[in-house]
Amino acid sequence: MMAQSTYLLGVNPAELERLRFQHTVWGPVTKTFFDRIGVATGWRCLDVGAGPGLVTVDLRERVGESGEVTALEPAQYYLDVLEQEIEKRRWTNVKMIRGTVEESDLPQKQYDLIFARWVASFVPDVERFLERLVTALRPGGVIAIQDYYYEGLSLFPHGGPWDRMSDIVRAYYHSGGGDPYVAGKLPALFRQHGLRLTDFTPTCLSGGPSSGVFQWAERFFSLHTPLMAEKGIISHEEAEALLADWEAHKRNPDALFFSPLVVDIAAILKGEHS
């Protein structure tokens, strides 16, 4: 997440609920990524752009009492949600830092794992973002990023206004200074910063109108298609046509939604145990 005033997708109750549902759909992909990395008891982890702490909670359950998880998040609204969860669980080893990677005073050579999901694609200067993270990673530690290579998004059957949605969403990301192809840039940036790539795994989820991924997409596009029109990326008439095309597919039991590619990218900082 970016600061409340700049985060493209917003900081509000509607977005909070969308994020919670999103985690039910994509959380298993993230957990499988953590399995491959080998996140273990005792690890010190930084969850970058933690939002309401959905991944923070998952990480805390993995690292246990002997580990530590820090949630870095600029929006106080989301930190308040996470604080309530921490208090409910009576955890004493989950910390919170309010701020962005670029603005925060992160400890040096501290973390065994630095994780960011759907954060790098919103960052105007991803190289500076990565530089700051590398200084906070201990030698032999892992940086793990889940983010878009924004291809593959589609609805089947084809032939309607929705066929343009990939281009529209990419323009939406660019309007906020982000990069919908950030996953393609990260391996080279990792190498430049002394990181050894260990994982590059793309995932596309697909399903019909009753599937979780179809409903995930509906929650995003029903909320953000009108906002795209408000920003002038599309006209209000185009927004109405896109939503009507979506509704027609939703009524078709044979329709399929294909998600854009989400790539798991992990790298180890060269040094101890690398």
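The model is predicted: local features need pLDDT of at least 70, side-chain atom pairs count only at pLDDT 80 or more, and totals for chains, interfaces and linings use all residues. Residues are numbered from 1 along each chain as its sequence is written, and side-chain values use heavy atoms, leaving out hydrogens and water.

**Exercise 1. Describe how α5 packs on α7.**

Step 1. Locate the helices. Helix α5 spans residues 165-175 and helix α7 spans residues 212-230. (Helices are DSSP runs of H or I, at least four residues; strands are E runs of at least two; both are numbered from the N terminus.)

Step 2. Take the geometry. The two axes come within 11 Å and cross at roughly 65 degrees. (Axes are lines fitted to C-alpha atoms, for helices over the stretch in contact; angles run from 0 to 180 degrees between N-to-C directions.)

Step 3. Classify the angle. α5 and α7 are therefore roughly perpendicular to each other. (Under 35 degrees counts as roughly parallel, over 145 as roughly antiparallel, 65 to 115 as roughly perpendicular, the rest as oblique.)

Step 4. (Left-handed: the near helix is turned anticlockwise from the far one by less than a right angle; right-handed: clockwise.)

Step 5. List the contact. α5 supplies Met165, Ile168, Val169 and Tyr172; α7 supplies Phe220, Phe221, His224, Thr225, Leu227 and Met228. (Contact means heavy atoms within 4.5 Å.)

Step 6. Sort by class. The contact of α5 with α7 has eight nonpolar, two polar and no charged residues. (Ala, Val, Leu, Ile, Met, Phe, Trp, Tyr, Cys and Pro count as nonpolar; Asp, Glu, Lys and Arg as charged; the others, Gly among them, as polar.)

**Exercise 2. Describe how α1 packs on α3.**

Step 1. Helix α1 (residues 13-37) and helix α3 (residues 76-89) pack at about 55 degrees, with axes 11 Å apart.

Step 2. α1 and α3 are therefore oblique to each other. Their crossing is right-handed.

Step 3. Pro13, Glu15, Leu16, Leu19 and Arg20 of α1 touch Tyr77, Tyr78 and Val81 of α3. By class, the α1 contact with α3 has six nonpolar, no polar and two charged residues.

**Exercise 3. Describe how α1 packs on α2.**

Step 1. The axes of α1 and helix α2 (residues 54-63) come within 10 Å and cross at roughly 35 degrees. The crossing of α1 and α2 is right-handed.

Step 2. In α1, Leu19, Arg20, His23, Lys31, Phe34 and Asp35 meet Leu54, Val55, Asp58, Leu59 and Arg62 in α2. The classes in the α1 contact with α2 are five nonpolar, one polar and five charged.

**Exercise 4. Which residues line the second largest cavity?**

Step 1. The lining is Tyr148, Tyr150, Tyr173, Trp216, Ala217, Phe220, Phe221, Phe257 and Pro260. (On a 1 Å grid over the protein atoms alone, a cavity is a set of points where a 1.4 Å probe fits but cannot get out; lining residues have an atom within 4 Å of a point.)

Step 2. α7 gives the most to this lining, with four residues. By class, the lining has nine nonpolar, no polar and no charged residues.

**Exercise 5. Where do Pro157 and Lys109 lie?**

Step 1. Pro157 lies in the loop between β6 (154-156) and α5. A cis peptide bond joins Phe156 and Pro157, with omega about 5 degrees.

Step 2. Lys109 lies in the loop between β3 (94-97) and β4 (111-117). Phi of Lys109 is near 50 degrees, a positive value.

How values were computed
On a 1 Å grid over the protein atoms alone, a cavity is a set of points where a 1.4 Å probe fits but cannot get out, and a pocket is an open set with protein on both sides within 12 Å along at least five of seven lines; lining residues have an atom within 4 Å of a point.
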